[in-house]
Amino acid sequence: MEFESEDDAKKFYIEYARRIGFVVRIMQRRRSGIDGRTLARRLGCNKQGFSPNHKGTLGQEKKPRPSSREGCKATILVKMEKTGKWVVTRFEKEHNHPLMITTNGFNTTGDKDKKIEELTMELAHQEQLCSAYREKLFAFINNVEKQTEELSSKIEVIVDNVRKLEAQRQRFTHRSAGSLGI
C-alpha cells in the first residue's frame, strides 16, 4: 500500500486497528541524519513485545504494574520513498491474544470510563427488562395454573357424568336382561 504522508499511513492503521479490535501503539521511527525528518515509522499492537522490568535507579523503587504486553507481533512498517510517498514495507497481521473493538483505536481511561458507564446503563436497562419479563412470566404461570384448575374441575364433572351414565346403562341393561329372563 502507498500513502501520501506518514500521517495518512498512521490514520489508516489506527482505523484498521479499531475495526479489527486492537489498540495501536506508536513504536519506532527512523530519522534522517542530515535534516532530522522521519524516514520510516513502525506502528503496532499495544500488546506487542514485552515490558522491560524497570528498577528504580533514582529514588525509591516503584511498585511494578502488571503489563498489558503479551508478545504480540502485529505491526506495520512504512517508509518514505524517494518520490515522497509512504509505502508499507512490512505488515504482520496475526495477533496472539483476543481482539476487542474500541471506540477510536486508543485505549484511554476516558474510553474505559465511558464504556463502563455505557455498560452499567445497559445492565440497568437489562435488569428492568428481566424484571418486567419475570412479572409477565409469573402472571402467565398463574394464568396457566388457574386454567389447569378450571380444566380439572370440568374434567371431573365430565368423568362423574360418564360414571353416572355408565351406572344408568348397566341398570338399564340388567333390567332389560331381567325382563327378558336372561
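Predicted model: local features only at pLDDT ≥ 70, side-chain atom pairs only at ≥ 80, totals over all residues.
Arg31 is found in strand β2, where strands (E, at least two residues) and helices (H or I, at least four) are DSSP runs numbered from the N terminus. Residues are numbered from 1 along each chain as its sequence is written, and side-chain values use heavy atoms, with hydrogens and water left out.

**Arg31 and Arg41**

- Leaving aside neighbours within four places in sequence, Arg31 is in contact (heavy atoms within 4.5 Å) with Gly36, Arg37, Thr38 and Leu39.
- Arg31 and Arg41 are 10 residues apart in sequence, and their C-alpha atoms are 9.0 Å apart in space.
- Arg41 lies in strand β3 and counts as buried, at 10% relative accessibility.
- The side chain of Arg41 makes a polar contact with the side chain of Glu6 at 2.7 Å; a polar contact is a pair of N or O atoms within 3.5 Å, and within protein one must be able to donate a hydrogen and the other to accept it, while residues adjacent in sequence count only if both atoms are side-chain atoms.
- Beyond four places in sequence, the contacts of Arg41 include Glu6, Ile26, Trp86 and Ile76.

**Sheet and helix**

- The order of the 5 strands in the open sheet is β1-β5-β4-β3-β2, with antiparallel pairing; two strands pair if DSSP finds at least two bridges between them.
- β1 (2–3) and β2 (24–31) stand at the edges with a single partner strand each, so one side of each has no neighbour in the sheet.
- β4 (residues 75–80) and β5 (residues 86–92) pair in the antiparallel sense over 6 bridges, and Val78 stands opposite Val88 in β5.
- Helix α1 (residues 6–20) lies across β1, β2, β3 (38–45), β4 and β5, and runs at about 5° to β3; axes are lines fitted to C-alpha atoms, for helices over the stretch in contact, with angles from 0 to 180 degrees between N-to-C directions.

**Nonpolar core**

- The largest nonpolar core has 16 residues, of which Tyr13, Phe22, Val24, Ile76 and Val78 touch the most other members; such a core is a set of buried Ala, Val, Leu, Ile, Met, Phe, Trp, Tyr and Cys residues joined through side-chain atoms within 4.5 Å.
- α1, β3, β4 and β5 are the elements that give two or more residues to this core, and α1 gives the most, with 5 residues.
- Leaving aside neighbours within four places in sequence, Ile76 is in contact with residues including Tyr13, Leu43, Val88 and Phe91.

Methods
Buried < 20%, exposed > 50% of the residue type's maximum accessible area, 1.4 Å probe, protein only.
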